[in-house]
Amino acid sequence: MDALIDKIRRGDRRSLARAMSLADKAGQEAQALKDRLRRSTGNVPWWGFTGPPGVGKSTLIDTLLGMLRQRGCRVGVVAVDPTSPVSDGALLGDRVRMMRHAVDEEVFIRSLATHRREGGLSDATLHCARLLELAGYDPVLIETVGVGQNEVDVAGVTDICVVIVGAGYGDDIQLTKAGLLEIADILVVNKCDLPDANRLLNEVREQLVLSSSATSGQAVYSDLTKSPGGTPDRKQASPGCTPKGMAPEVVGIEAKSGKDVDHLLEKLLELDRAARQPQQRQRHKQTRVLSEIRHSAMLVCEQALEDRLVAPATKELIAGLERGELSLDQVVRELSVISCQLSVEREPPRSGGRRLRTDG
Amino acid sequence: MNASRPKRILIGKVGLDGHDRGAKFIVRALRNAGYEVIYTGIRRTPEQIVRAAIDEDVDAIGLSLLSGAHKELLSRVAELLKGEGAENIVLFAGGTIPDQDLAYLRSLGINRVFRPGAALSGILSALEEALTGGRSTGGGATT
């Protein structure tokens, strides 16, 4: 394991790529790697990019890659696309937008499939981002799958969360719905060359004034009207999210032509500087580990429940519910009790079981 | 989470050749067969293809060529893979490749060449055999 870590640190691409494949699997070796990574990383800010399918996430990252390279940064990218619920296959198509960086030694792009995890990321995302960090890539960019309204895992993992919307996103009612827009540190309206974009830009700005003033109201307006803003305090209340009462920056861009992306990059670098402060690093490490524990524990519980549901003894419970002799509440309580016992008693035959033991 | 993951295949087009209907058809078919497919798009250089394949740690590379430059481009890809010590990645090709060139491609280690009229079922079973040694019957997914 130490030999592998050394090779990755020395910049061996093949070792890095193979370690990423290992991190995408279960098993003892994979677990040892994941635990090792947790110890050796956490100092580089991760930038998350999320938004609906086709809004321009990969294209924006491609443009940002060009600009970050001009500044001499080595940049790592993890891009997630959905696994087919039918075949287990996937088309990992984010890289196709970034191919001009394919032969750049200082850029590493890795595509991952969700493997049916919901929430917009895959289990391996966090581990692959840590591997990029270990290999010296800074910053690390994470692209989620094309999301809907409620896939917000990225906020719990990244230091800076960029939410991208584009012309056609919907009217003010869509913008008022809870979820995606609330996790943004920076809200990007892409495709500003399209006729609908100005309306969207204005509605997003108004929406954010309202939702922010509901909780605090102070300094919101000045922040929104582009005062130099972006103070280090912005992110103290909740890592990965702008604190309540602080509206995110709203930036209109054209990702493909690069128009106004330089302005966005300035904002990103401002937040990046704030995220590098030791206090923020500690906070983010804790948030990531918490999200790991939560997710792994959920996997164990889910598996235990699935096992229990197909066990012969459960047939009685199901039949009882069907016949109306038991209430749903009774059945659930029975299953939960048994499931919890199972997950504690079980020798760890699956990745989830081992993970819980290691983390918790 | 399962112990094994679907096999990963990179599909792309190299050289000055923008005819991508065939490549995209194969991308969809492989996805439906349970593979994870990384698509690189058209007009790529051999260097771009090999770098992407290494970084993505793929099990196979499939290149579509309708330009007539298959001998030059595929030999360059094979050479670069060898330079990276990555000959274990299965390299296969598709497109308008005449009979007389097959022996040369075989000498590069390219034993699977799918030409106009190739049946999809034949393509899938040949890849399955190449990637799993014919053990699995369930497409790309080995779980």
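## Strand pairing across the chains

Two strands pair if DSSP finds at least two bridges between them. In this predicted model, S3(A) and strand S2 (residues 36-39) of chain B are joined by three bridges and run parallel. One position can be named: Ala90(A) stands opposite Glu36(B) in S2(B).

## The contact between A and B

Chain A brings 32 residues to the contact, and chain B brings 30 residues. On the side of chain A that touches chain B, the elements giving two or more residues are helix H2 (13-23), strand S3 (90-92), strand S4 (107-113) and helix H14 (351-359) of chain A. H2(A) gives the most, with six residues. By type, this side of chain A divides into 14 nonpolar, nine polar and nine charged residues.

## Helix H2 of chain B

Just after H2(B), Asp57(B) takes a positive phi of about 50°.

## The seven-stranded sheet of chain A

Chain A holds an open sheet of seven strands with parallel pairing, in the order S4-S2-S5-S1-S6-S7-S8. S4 and strand S8 (249-252) of chain A stand at the edges. Each has a single partner strand, so one side of each lacks a neighbour in the sheet. Neighbouring strands are turned by 20° against each other on average, direction ignored.

Inside that order, strand S6 (residues 160-166) and strand S7 (residues 186-190) of chain A pair in the parallel sense over five bridges. Val165(A) has Val189(A) in S7(A) as its bridge partner.

Ser122(A) lies in the loop between S4 and helix H5 (125-134) of chain A. Is Ser122(A) buried or exposed? Ser122(A) has 25 other C-beta atoms within 10 Å. The cut-off for buried is 20 or more, so Ser122(A) is buried.

Leaving aside neighbours within four places in sequence, Ser122(A) is in contact with Val80(A), Leu112(A), Ala113(A), Thr114(A), His115(A) and Arg117(A). Val107(A) is 15 residues from Ser122(A) in sequence. In space, the two are 21 Å apart, C-alpha to C-alpha.

How values were computed:
Residues numbered from 1 in each chain as written. Chains lettered and ligands numbered in written order. Predicted model: local features only at pLDDT ≥ 70, side-chain atom pairs only at ≥ 80, totals over all residues. Contact = placed C-beta atoms within 7 Å. Helix = DSSP H or I, 4+ residues; strand = E, 2+ residues; numbered from the N terminus. Nonpolar A, V, L, I, M, F, W, Y, C, P; charged D, E, K, R; others polar. Axes fitted to C-alpha atoms, helices over the stretch in contact; angles between N-to-C directions. Buried ≥ 20, exposed ≤ 12 C-beta atoms within 10 Å, placed from the backbone.
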